[in-house]
Amino acid sequence: MALTGIECWSESAQLECVAVCRPAVLEVATALEASAVGYLGAVSRQEVEDASGRLREALTRFGCRLFDLGDFLPESARAVSEASVNRVFVRDTAAVVGRQLVTGTAAFAARFAEFDATHAALGALLHGGSRDAAPPGGPGAGLEFGDVFLLDEERILVNLGLRSDARALQGFLDTAWGAGFQEVGALCIPEHLGIIHLDLAFNVLGPRAVLARSFLKHLPVRVLAPGQAPRWESFEGYFARRGQRILPLPAAEPPCFLSNYIFLGPQLLLASESAAPRLKPLVKELGIEVEGVDIAALERGNGSVRCLTLPLKRRATS
């Protein structure tokens, strides 16, 4: 049966429906293998399966309807997907923007085939029918969606850095305007920092605040709106003029997954167990609670809770 009614307008609205993907059959056994697939270190299949199970349990415990994309893979894509250890990081592959699914483009060679397989699984989930169903028929973007944030019902923030291609921005803008968004802010995290996606340096904290690593204050934001000439704003000014505070992330040695959380509801975050104790005092004054989940094994893949989840439906806030 096909899933209907996908809709996401904000990162912080109530999460009702989310896609994940169970771990691949292969494990990352050595430091050399880890380097080849972008992992921070070796990890066993049992470790990642246990961590994945804890993440699923946390999501369902808080009322999220869960879809495992591994159940929707067409037969033609199953073998390559089962050998793709990065397939758990579904966030990068696509996003629901307004009421449409937008597929991403992998910038890391180890993920080219995996993205195609995941898109085919999303096509089967959304359109039903044969296990050899075509990929989703909606728009695509030359982006990895760890670089994209739906700030609210009108605004999107995009990083054009290590994994997302600045040449693809115009196509994404057309998609954003078509979906009903009124503004896109674009920034560029310098590639030499090695920060693969924006969600390793930034996240939203509802309508009143955002969380950001300190270096972002040095990066200008190019503001784009339909029918208007692009303009530049400072990072801090961009959020201040829209009534949002910037809470600085505490200094931490990489890897830093403090910003890689998701909203389960307007006042509840799900973060990794290692990040939760440091997040709680930061967000307490905003009335936001933090739930932790032990996914340390999955974090060896250089991603955390946000990377591991693809929201399909968030309750509209208006």
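I count a charge as sitting over a ring if NZ of Lys or CZ of Arg is within 6 Å of the ring centre and within 35 degrees of the ring normal. With that rule I found R306 over the face of F149, at 3.8 Å from the ring centre.

Two reminders on the ground rules. The model is predicted, so local features need pLDDT of at least 70 and side-chain atom pairs pLDDT 80 or more, while totals for chains, interfaces and linings use all residues. Residues are numbered from 1 along each chain as its sequence is written, and side-chain values use heavy atoms, leaving out hydrogens and water.

**Rings.** I took rings of Phe, Tyr and Trp (its six-membered ring) as a pair if their centres lie within 6.5 Å; planes under 30 degrees apart are stacked, over 60 edge-to-face, and the rest tilted. My search of the whole structure gave 10 aromatic pairs. One of them is Y261 with F263, edge-to-face at 6.4 Å centre to centre and 75° between the planes. I also noted that F149 belongs to an aromatic cluster with F202, F235, Y238 and F239.

**Cores.** A nonpolar core is a set of buried Ala, Val, Leu, Ile, Met, Phe, Trp, Tyr and Cys residues joined through side-chain atoms within 4.5 Å. Buried means under 20% relative accessible area, exposed over 50%, and partly exposed in between (1.4 Å probe, protein chains only). Which members of the largest core touch the most others? I156 and L312 do, out of 43 residues. Helix α4 (residues 112–127) gives the most to this core, with 6 residues; helices (H or I, at least four residues) and strands (E, at least two) are DSSP runs, numbered from the N terminus. A second, separate core has 41 residues, including F202 and L249.

**Salt bridges.** I used a side-chain nitrogen of Lys or Arg within 4 Å of a carboxyl oxygen of Asp or Glu, and the structure holds 26 such bridges. R22 pairs with D68, with the closest N and O atoms 3.0 Å apart. This pair links distant parts of the chain, 46 residues apart: R22 is in the loop between β1 (15–20) and α1 (31–37), and D68 is in strand β2 (residues 65–68). D68 is buried at 8% relative accessibility, whereas R22 is partly exposed at 26%. R61 and E291 also meet in a salt bridge, at 3.3 Å from N to O. Those two residues are 230 apart, R61 in helix α2 (residues 45–61) and E291 in strand β15 (residues 289–293).
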